[in-house]
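Subject: Structure for your review

Dear colleague,

Please find below the sequence and structure that I am handing over to you. My notes on what was found follow directly after them.

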Amino acid sequence: MKKTMSFIIGSFSFVSIYFLWLLFSPESLTILGSSLFAITAVVISFLLQLTVYRHAVGQKRKFLLLFLLATLSYLIAELVWKYQVTYIYEEEIVFPGLSDIFYYLSTILFIVAFFYLVSINNQRLQFMIYLLDLLIIYATIVVLLSVEFFVPVFKASGFTLLETFASTFYPALVLFLLFAIVNCFIFNKNTLFSQLTIKIFLTAISLQVIGDMLFAITLYHYIYTYNSLLEILWSLSILLFGVATYSLSETQEVTQQKTSLFPERFKWNVFRMILQIGCILALHIFYIQTNNNIYTIFLFGTIFLILLRQILSSYHIHRLLKTISDMKNQLEEKVIERTEQLSNKNQQLIQAIDKINYMALHDDLTNLLNRRALYEDLNNFMKDSKPFTLVFIDVNKFKPINDSFGHNYGDEVLKVIAKLLTVAIKDIGIVYRQAGDEFILIINEVDHTCIDEVIKKLIHDVMKPVHIFDQEITISLSIGISQYPKDAKDIDELIKLADKAMYIAKEYSLEYCYYK
């Protein structure tokens with residue numbers, strides 16, 4: 001902000017020199033020098049705005065374009081006016097003339113620029129409602145001032161109807177510009193202006209309003225001179241407009257978001273209704289006192305604007321309710337959809353957990369229960385003190401099979417054995433894969449006669465020739481048996497004893513062997 005502060009100081013220095021020139025310059029050069037100072041002020045303001053515009057983007061660029069056009073219009077008005085003052089006799093100057101038209105156009109463009117900032121940050125319908133509120137209040141103030149003060153004063157001074165209109169229209173426009181700037185800053189917190197920029201803009205337009213009011217007063221009293229101190233106020237005002245726009249180049253633009261211009265708050269609604277009723281009452285009272293048809297026209301116009309405002313508000317509320325209803329329906333659909341997704345995810349999670357639990361307790365190759373499941377089941381049996389028989393099985397000559405036919409063939413052999421064992425004891429026991437080519441059976445029986453029958457049937461079923469990958473093979477088993485709680489009361493010890501019995505059966509070529 002250092003350059004902005006420098007330009008502010010420079011602006012006040014410029015008008016100070018301008019002031020000194022008006023005080024001490026020779027009378028023959030006063031008009032020419034004053035014209036040069038006034039035009040130079042506008043050119044400086046225009047160049048400052050152009051500097052920022054060249055590098056601006058987005059909304060800031062559009063706002064600055066309107067400002068440039070307004071300043072350019074003001075420059076044309078100044079050039080025409082200064083030419084008339086310098087080279088044309090006072091009696092020959094037409095009022096309102098070409099310069100006045102460009103002054104009006106300049107102020108209108110300034111107003112449009114600030115209303116553009118209001119409109120881009122708000123929904124169109126809300127902006128129209130806001131504009132109607134502003135017009136109702138503003139129109140009442142302008143009509144009361146014009147009819148009760150300006151028009152009688154200027155008519156008494158011999159002004160024509162056109163001159164009276166022109167004399168009151170420009171101050172009214174400037175007052176509306178002040179309304180636009182103030183409302184832009186009040187109701188748009190999220191704009192591209194810094195606090196310093198806001199202060200500069202408000203100072204500039206305040207100087208403009210003061211200058212125009214003093215101009216109207218001096219014009220009424222016939223004391224206005226073309227090179228009065230009012231020129232300094234107007235020059236400082238336009239300079240500060242340029243400085244304010246230049247300060248935008250030193251301020252990061254805030255991300256614009258669609259915001260609600262007038263949230264339907266209770267306090268604002270009460271304040272708005274009081275103001276609008278006050279406007280209607282004021283127009284009505286003055287109409288009764290003066291019987292002026294202008295008051296009648298504006299009274300009905302104000303009532304019409306209020307009715308229009310209420311229609312737009314009702315429509316806006318209807319749209320809001322519809323939007324809320326649509327959002328509610330969408331939310332319900334999202335909730336249902338999300339609930340289904342969560343249900344599916346939950347089902348997938350349950351399936352995944354079941355799969356993990358299954359994989360944790362089962363052998364990948366044979367799908368038999370694994371060593372971990374064996375220990376869990378044995379623990380449960382022992383806790384319940386249930387007698388059972390543990391059968392330890394080893395596949396004979398499995399290594400030569402693997403070496404001769406390959407590991408894939410060996411895996412198929414293990415799968416076939418797992419199926420045969422499962423079928424053989426499906427009604428009286430459980431099959432586990434211990435490790436490699438070792439299997440363990442848990443049989444819920446300890447009677448030797450019963451166990452002998454089961455083992456012999458198992459051996460008979462397993463030792464039948466089977467075909468694997470077009471190769472016929474006969475499988476033989478070595479079987480060791482231990483029993484709980486007769487042989488051991490510890491899991492590892494029970495397995496160890498059955499393993500020993502299995503090795504005895506293998507060593508002596510027995511079909512099976514009990515631990516003794």
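**Findings**

For residues 317–348, an unreviewed UniProt entry lists a "coiled-coil region"; UniProt positions are given in the numbering used here, feature names are shortened, and annotations may be inferred rather than shown by experiment. In the model, this stretch is 100% helix and 0% strand, and its end C-alpha atoms are 45 Å apart. Helices (H or I, at least four residues) and strands (E, at least two) are DSSP runs, numbered from the N terminus.

**Basis and confidence**

This is a predicted model, in which local features need pLDDT of at least 70 and side-chain atom pairs count only at pLDDT 80 or more, while totals for chains, interfaces and linings use all residues. Residues are numbered from 1 along each chain as its sequence is written, and side-chain values use heavy atoms, with hydrogens and water left out.

The mean pLDDT (the predictor's confidence in each residue, from 0 to 100) is 81 for the protein, and 83% of the residues reach 70 or more. Over residues 253–264, pLDDT stays under 50. For these residues the model has 34 contacts beyond four places in sequence, a contact meaning heavy atoms within 4.5 Å. Where pLDDT is low, the predicted coordinates should not be read in detail.

**Overall architecture**

The protein has 15 helices and 7 strands. Of its 516 residues, 46% count as buried; buried means under 20% relative accessible area, exposed over 50%, and partly exposed in between (1.4 Å probe, protein chains only). Among contacts with a separation of 6 or more, 73% come from residues 24 or more positions apart.

Q49 lies in helix α2 (residues 27–55) and counts as buried because its relative accessible area is 0%. Its side chain is joined to that of S45 by a polar contact of 3.0 Å. A polar contact is a pair of N or O atoms within 3.5 Å; within protein, one must be able to donate a hydrogen and the other to accept it, and residues adjacent in sequence count only if both atoms are side-chain atoms. Setting aside neighbours within four places in sequence, Q49 is in contact with F67, L68, T71, F241, G242 and T245.

I181 belongs to helix α6 (residues 161–187) and is buried, at 0% relative accessibility. Beyond neighbours within four places in sequence, I181 is in contact with F114, F201, L202 and I205. The C-alpha atoms of I181 and V118 are separated by 9.6 Å, although the two are 63 residues apart along the chain.

E231 is placed in helix α8 (residues 230–247). At 3% relative accessibility, E231 is also buried, and a polar contact of 3.0 Å joins its side chain to that of K82.

N367 is partly exposed, with a relative accessible area of 48%. N370 caps the N-terminal end of α11, with a side-chain oxygen 3.2 Å from the backbone nitrogen of R372.

The buried residues A373, L374, L378, F381 and M382 lie in α11. They cover an arc of only 165 degrees around the axis, which puts them on the same side of α11; the arc is that of the directions from the helix axis to the C-beta atoms. R372 and K383 are exposed on the face turned away from this buried side.

S385 lies in the loop between α11 and β1. Although not a glycine, S385 has a positive phi of about 55 degrees, and at 54% relative accessibility it counts as exposed.

In helix α12 (residues 398–405), F398, I401 and N402 are buried. They are on the same side of α12, because they cover an arc of only 100 degrees around the axis. The cover over these buried residues includes β1 (388–395), α13 (407–424) and β5 (471–473). K399, D403 and S404 are exposed on the other side of α12. G406, which follows α12, has a positive phi near 100 degrees.

Finally, the peptide bond from Y484 to P485 is cis, with omega near 5 degrees. P485 is found in the loop between β6 (477–484) and α15 (491–507).

With kind regards
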